[in-house]
2 protein chains.
Amino acid sequence: MKIYNFAAGPAMLPKEVMLKAQEEFVNFQGSGSGVMELSHRGKYFQPVIDHAEANIRELLGLSDDFVVMFIQGGASMQFAMIPMNLLNGGTADYVDSGVWGAKAAKEAKLYGTANIAASSKESKYDHIPAQSEWKLTPGAAYLHITSNNTVAGTQYQTLPEAPAGVPLIADMSSDIMSRVFDANKFGLFYAGAQKNLGPSGVALVVMKKELAERTSDKVPTMLRYSTYIENGSMFNTPPTFAIYMLGLVTDWVKAKGGVAAMEEINNAKAAKLYAFLDDSSFFKSPVAKADRSRMNVVFRTPSDELDAKFVAEAKAAGLTDLKGHRLVGGCRASIYNAMPMEGVEALVEFMKKFELENK
Amino acid sequence: MKIYNFAAGPAMLPKEVMLKAQEEFVNFQGSGSGVMELSHRGKYFQPVIDHAEANIRELLGLSDDFVVMFIQGGASMQFAMIPMNLLNGGTADYVDSGVWGAKAAKEAKLYGTANIAASSKESKYDHIPAQSEWKLTPGAAYLHITSNNTVAGTQYQTLPEAPAGVPLIADMSSDIMSRVFDANKFGLFYAGAQKNLGPSGVALVVMKKELAERTSDKVPTMLRYSTYIENGSMFNTPPTFAIYMLGLVTDWVKAKGGVAAMEEINNAKAAKLYAFLDDSSFFKSPVAKADRSRMNVVFRTPSDELDAKFVAEAKAAGLTDLKGHRLVGGCRASIYNAMPMEGVEALVEFMKKFELENK
């Protein structure tokens, strides 16, 4: 049976990438060792990390003003590192559009003031707070947003602008490289790799180089951005295999036509699923139409019992991991770059059948 | 040509482990997905992390007083997390037996006083400071040692005792699971996985549970030990593939007879190499005989030029990564658990030949 994995992350990776990594798993480029057995200081690994960085720079169109860092600890570690490095007792604005953004704001309170500029928490994060209603702090240290909300299933359709002089910071864990965006409007953006970029165990952090100067001497070595900049992300042993996989995944994105091509197919995949949801009188999307995520499509049947039945029967049919996040329940289909259109078509066919049988 | 990789870390892993991971790389237990594509909250991964922890508990003989944590950032992140969680403005004693221990002490200064209880820095870390000469602080927050010094090639032959009431902390990155030791004498010990446990990207941290109570509210979530304890190391997405590999490596250690069996073969491997060095009038070990490492055997030829020639010719003969650490030069053979006796025998044969040709 063909299996499609709709997990929210760690998530499916492109089959071609997985097969290539498997093929050279025990013998990378004739070295006699697998990538994960090779010294990060040796002749094989430096080109691997350089290649991953070059791919990222090319795919995201990064100028030399930006540094590219590979840091352990996932996006959650960035929730702490951002204020540790950039807040210094000042005030930062956070737009609270989901549970992950709220977690980010919580960490900032340890290093200064986290102003919640806007929040959709009261309506269970069913929309992105309208930019016209954000209450921004003049001269804020930065403005933090979450570009796509993995749990609630919402996404900024247009990325905002920060006021002049205020660095815009975005957690892009669940939609990086899924659509074209202008990196130049950001001071910093970051993403845990395990959705669109590779396996878990590494986060990509892209930052305007000049921001590194803000960090105080009181920040530990491994938590300072400057440590990663000055040592090419190799002050200590980096997560070498995860970075290698990130290189392979970005090779695949390039071969498929780059981020613009990803965006086109992602739009088509999401459109197919939302069109079905809009037509259905059984399945429903709980989020505002204008803010629907093209990465995490959240939906519900008429009852919790039918949600559970749907998830179980879908799994038996080879459509796995459709359960909603444990905080909100319901169902969720994560359709990142690596999910082919065939997977979405198979899901829609199954949903049609389930609706007929259970209406 | 048979290749033996003597890298100091990331280092070679047992061949059986690499082949098993390769075999199930794209389809773990019939799930249709590779381990790295599976949700950490799903039914496949929880048993993987539970299994790794159970293996570690069994192999190290850990009582229920200890918690086992899997944390990203390597041993270097522990250099910061230990004082962040346990120092609280007090004084900690550090024994400075190598560059990594010195780095650990440096981070502690951000959170209190780091007393260098003893140091062998002036003699280029060629020995472990004698325990009789340590200047310990009464009532210290903890006593920190480095059980094996990867760069200098020294190792505690007998692990010390801390004064009553002072937690003993050890960085065991390069010798954990290589010899039997009594975990009960420690408050905390930790190890980056990439030498004896698995690939880079995860550190094993074992701690007496009661120490978690020391952490102040000012420590960020991802840097608090309690976060890992309360969430089974899954507050956020853990480095799933690295933890899976750690499970496979510890399966292999168990199949080979456990830590006592590892110690026996490690002793035989090191004895073979040191016996040759002692007999040679060409190769020399720069470290004190009483403190020689059984994991990282450091040696030199009569000149820097011959060191370089040796490393290059050994590599051409399939004996790779014998260059000493960039801070000290010379040569180094890292012979962790996964290096078979055959690799050490091949190295000694090659050294004999090189000596004859270059004396």
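**A close look at the sheet of chain B**

Reply: Happy to, and let's begin with one pair of strands. In chain B, strand 3 (residues 91–96) and strand 5 (residues 143–146) run parallel and are joined by two bridges. Across this pair, B:Asp93 stands opposite B:Leu143 of strand 5. Please keep in mind throughout that this is a predicted model.

As background, strands of a sheet pair through backbone hydrogen bonds, which may be parallel or antiparallel.

Back at strand 3, follow the chain onward to B:Ser97, in the loop between strand 3 and helix 4 (99–108) of chain B. Is this residue buried or exposed? B:Ser97 counts as buried, because its relative accessibility is 0%, and the cut-off for buried is under 20%. Setting aside neighbours within four places in sequence, B:Ser97 is in contact with B:Ser120, B:Tyr125, B:Ile128, B:Pro129, B:Thr146, B:Asn149 and B:Thr154. Of these, B:Asn149 is 52 residues away in sequence, yet the C-alpha atoms of B:Ser97 and B:Asn149 are 7.1 Å apart.

The loop between strand 4 and strand 5 of chain B holds B:Lys124. This residue is exposed, because its relative accessibility is 74%, and the cut-off for exposed is over 50%. Its backbone is worth a glance as well: phi of B:Lys124 is near 55 degrees, a positive value in a residue other than glycine. Most residues other than glycine have a negative phi, and most peptide bonds are trans. For a cis bond in chain B, look at B:Gly9 to B:Pro10, where omega is near -5 degrees. B:Pro10 sits in the loop between strand 1 (4–5) and helix 1 (15–23) of chain B. In chain A, a cis peptide bond joins A:Gly9 and A:Pro10, with omega about -5 degrees.

Next, the spaces inside. Searching the whole structure finds nine cavities of 30 Å³ or more. The largest cavity holds about 130 Å³ of space. Among the 16 residues that line the largest cavity, A:Ser200, A:Ala242, B:Ser200, B:Phe241 and B:Ala242 lie nearest its centre. Helix 6 (240–255) of chain A and helix 6 (240–255) of chain B each supply at least two residues of this lining. Its residues divide into ten nonpolar, six polar and no charged.

One last stop, in chain A, shows another strand pairing. Strand 11 (residues 296–299) and strand 13 (residues 331–334) of chain A run antiparallel and are joined by four bridges. There A:Val298 stands opposite A:Arg332. From strand 13, A:Cys331 and A:Ala333 point one way while A:Arg332 and A:Ser334 point the other way, and all are buried.

Note on methods: Residues are numbered from 1 along each chain as its sequence is written. Chains are lettered from A and ligands numbered from 1 in the order in which they are written. This is a predicted model: local features need pLDDT of at least 70, side-chain atom pairs count only at pLDDT 80 or more; totals for chains, interfaces and linings use all residues. Side-chain values use heavy atoms; hydrogens and water are left out. On a 1 Å grid over the protein atoms alone, a cavity is a set of points where a 1.4 Å probe fits but cannot get out, and a pocket is an open set with protein on both sides within 12 Å along at least five of seven lines; lining residues have an atom within 4 Å of a point. Grid points are joined across faces, edges and corners, and a volume is the space filled by probe spheres set on the points. Ala, Val, Leu, Ile, Met, Phe, Trp, Tyr, Cys and Pro count as nonpolar, Asp, Glu, Lys and Arg as charged, and the others, Gly among them, as polar. Two strands pair if DSSP finds at least two bridges between them. Buried means under 20% relative accessible area, exposed over 50%, partly exposed in between (1.4 Å probe, protein chains only). Contact means heavy atoms within 4.5 Å.
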